[in-house]
Amino acid sequence: MSSHTISAVSRRTVLRAGAVGALIVPAGTALAGCSSGESTPGVRRHRPSLTHGVAAGEITTTGALVWARSDEPARMLVETAATESFANAKTFRGPLLTPASDGTGRIRVAGLEPGQRVHYRVTLEGDDGARSEPLTGVLVTAPTAPSDITFAWSGDVVGQGWGINPDLGGMPIFGAVADARPDFFLHSGDAIYADGPVEATKMQNDGSAYRSVTADAKSRPAQTLDEFRGNYAYNLTDEHYRRFASSVAQVISWDDHEVLNNWFPGEDLTGQDRDGYTEMNVDVLAGRARRAWSEWQPTESGERGRVYRKVPYGPLLDVFVLDMRTYKDPNPDAWNTTNTDGLLGAEQTQWLIDGLNRSTATWKVVANDLPLSIVVPDTNTDRPGARPSMEAAAQGDPAAPLGREIAFSRILSETKDVPGVVYLTADVHYTAAISYEPSRAAYSDFSPFWEFVSGPLHAGAFPASPLDTTFGAKYEFVHAPTTADTSPAEGFQHFGKVTISAASKTLTVDLCDATGKSLYRKELTPER
């Protein structure tokens, strides 16, 4: 194994994973068979190993989902306790981790106390009773009473060919997120760039070389299930990422790069400029990608396998996680004058309207993985003689709502009497604060609100895009480079932090750089 390469290896060849102590085995590598269960006197039994750290997600007031991966078939065991000594620990016997799920698995731990910091410990048990070295993590359960809340959000990991950089120590922004000690992290999508190969070197805008750790799964666009899996495995070879995953529970959405850039259901790639692709049916790619997404992250599909869901977090906060990909209409239809389904589809649109109106939480955070008014073109599906295709909700026409804006105009109108609605997004690879005012808008049947943009976590950064002012959008703050595809080594990597005070009920948003320094702060007071 070269100093900066993770290549295909046998099950016995592993890379010790820094501070977390995990053993890195490439995704898709055939898992070892279980031993016969017979022991040879004087010979130590082989023990299974946790290969990519541990993680938690899908938090509730009394439980959470704990994730892990084994290098061979083994039973997943989880202990939970109030302290790191694991005195009086509860033990949960989880599933058998097998090659069917690439060795990954998860178990829901329950019976926890609300609003508490919980320590968890994961161990693997082979069929002969041999146990792995344990790995530990922490999570915070949702409160039932008004409590101070802190959470972070962002998106976009290993994009544009900027991989894990040994000269930076990997992906250090994830260490900064972990150091901020949020109660949970809202991942706004693009957790991988399945369509973005990583080469050993790439030239930066200043002419210097950026070095990346490479891997077989990152040598080409992902099309097979194992290649999609390998993208998630690659990110977890970074020690900062593993430390983050083990210390902050995640609420995970998805966006386009979990499959490929700007995709929509039913899309045919034939005739598009998509280097390296032989599978032209996007729905086939999306099915494989969705499976890898669910296997390799601490998440579970909710009702009827939906990605969109509400995450209640006590009386001060409800989080509405949107899915702006699964039900998306074609990008060339962005100028349609009769589109009532848009990005969310009819059922999800109504679900959001009803959920916001029913919510009794002081703050309702809508996690929209695509921005509402930032213009994001899609040149891959432009049609000759037609208006430009669009990836997000807006298309740049400042007049009455068109295309996907029609559904959002309904959402805004039918929730205009709901107080405390805030939108959080990522996707565009810079950070910004956007205010929406009816007095500036072509469509004005809504109440003023804010949308905050963060990212990228570790990807190319880009200049700010123009705003569509149909809903009166205005940049109040922007931190973005002036040159496209600015590398993580050149700066402009971001995450956002939200703090809710139990005493005052104010919601404060900090837009942070890669070190955790706040670049902009906005305090919002609850409406009375």
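Reader: Phe86, buried or exposed?
Author: Buried. This is a predicted model, and in it Phe86 has a relative accessibility of 9%, so it counts as buried.

Reader: Where does Phe86 lie?
Author: In the loop between S6 and S7.

Reader: What about the phi of Phe86?
Author: Positive, at about 60°, although Phe86 is not a glycine. Most residues other than glycine have a negative phi.

Reader: Which other non-glycine has a positive phi?
Author: Arg181, with a phi of about 50°. Arg181 sits in the loop between H1 and strand S12 (184-187).

Reader: Is that one buried or exposed? Arg181, I mean.
Author: Exposed. The relative accessible area of Arg181 is 55%, and the cut-off for exposed is over 50%.

Reader: H1 then. Where does Asp179 lie?
Author: In helix H1, which covers residues 173-179. Asp179 is exposed, with a relative accessible area of 53%.

Reader: How far apart are Asp179 and Val498?
Author: In sequence, 319 residues. In space, 15 Å from C-alpha to C-alpha.

Reader: Back to S6 and S7. What sheet are they in?
Author: An open sheet of four strands, ordered S7-S6-S9-S10, with antiparallel pairing. Strand S7 (90-97) and strand S10 (135-140) stand at the edges. Each has a single partner strand, so one side of each has no neighbour in the sheet.

Reader: How much are neighbouring strands turned in this sheet?
Author: By 25° against each other on average, ignoring direction.

Reader: How many bridges between S6 and S9?
Author: Seven, in the antiparallel sense. Strand S6 is residues 74-81 and strand S9 is residues 117-125.

Reader: Now H2. How many of its residues are buried?
Author: Ten of the eleven, so H2 is largely enclosed by the rest of the structure. Among the buried ones are Leu225, Phe228, Tyr232 and Tyr234. Glu227 and Arg229 are buried too.

Reader: What covers the buried residues of H2?
Author: The cover includes strand S4 (50-57), strand S15 (214-215), helix H3 (239-247) and H4.

Reader: At what angle do H2 and H4 pack?
Author: About 40°, with the axes 9 Å apart. H2 spans residues 225-235 and H4 spans residues 282-295. The two helices are therefore oblique to each other. H2 passes H4 in a right-handed crossing.

Reader: Which residues make the contact?
Author: From H2, Leu225, Phe228, Arg229 and Tyr232. From H4, the list includes Leu285, Arg288, Ala292 and Trp293.

Reader: And by class, the contact of H2 with H4?
Author: Seven nonpolar, four charged and no polar residues.

Reader: Compare H5 and H6. At what angle do they pack?
Author: About 15°, with axes 10 Å apart. Helix H6 is residues 405-414. That angle makes H5 roughly parallel to H6. H5 passes H6 in a right-handed crossing.

Reader: Which residues in H5 meet H6?
Author: Thr349, Gln350, Leu352, Ile353 and Asn357. In H6 they meet Ala407, Arg410, Ile411 and Glu414. The contact of H5 with H6 divides into four nonpolar, three polar and two charged residues.

Reader: Which strands does H5 lie across?
Author: S17, strand S18 (317-321), strand S19 (363-367) and S20. H5, residues 345-358, runs at about 175° to S18.

Reader: What is the strand order of the sheet with S17 in it?
Author: S17-S18-S19-S20-S22-S21-S23. The sheet is open, with seven strands and mixed pairing. Its edge strands are S17 (309-312) and S23 (473-479), each pairing on one side only. Neighbouring strands are turned by 20° on average, direction ignored.

Reader: In what sense do S20 and S22 pair?
Author: Parallel, over four bridges. S20 is residues 421-425 and S22 is residues 449-453. The bridge partner of Leu424 in S22 is Phe452.

Reader: Last one. Where is the cis peptide bond?
Author: Between Gly455 and Pro456, with omega at about -5°. Pro456 is in the loop between S22 and S23. Most peptide bonds are trans.

Notes
Residues are numbered from 1 along each chain as its sequence is written. This is a predicted model: local features need pLDDT of at least 70, side-chain atom pairs count only at pLDDT 80 or more; totals for chains, interfaces and linings use all residues. Side-chain values use heavy atoms; hydrogens and water are left out. Two strands pair if DSSP finds at least two bridges between them. Axes are lines fitted to C-alpha atoms, for helices over the stretch in contact, and angles run from 0 to 180 degrees between N-to-C directions. Contact means heavy atoms within 4.5 Å. Angles under 35 degrees count as roughly parallel, over 145 as roughly antiparallel, 65 to 115 as roughly perpendicular and the rest as oblique. A crossing is left-handed if the near helix is turned anticlockwise from the far one by less than a right angle, and right-handed if clockwise. Ala, Val, Leu, Ile, Met, Phe, Trp, Tyr, Cys and Pro count as nonpolar, Asp, Glu, Lys and Arg as charged, and the others, Gly among them, as polar. Buried means under 20% relative accessible area, exposed over 50%, partly exposed in between (1.4 Å probe, protein chains only).
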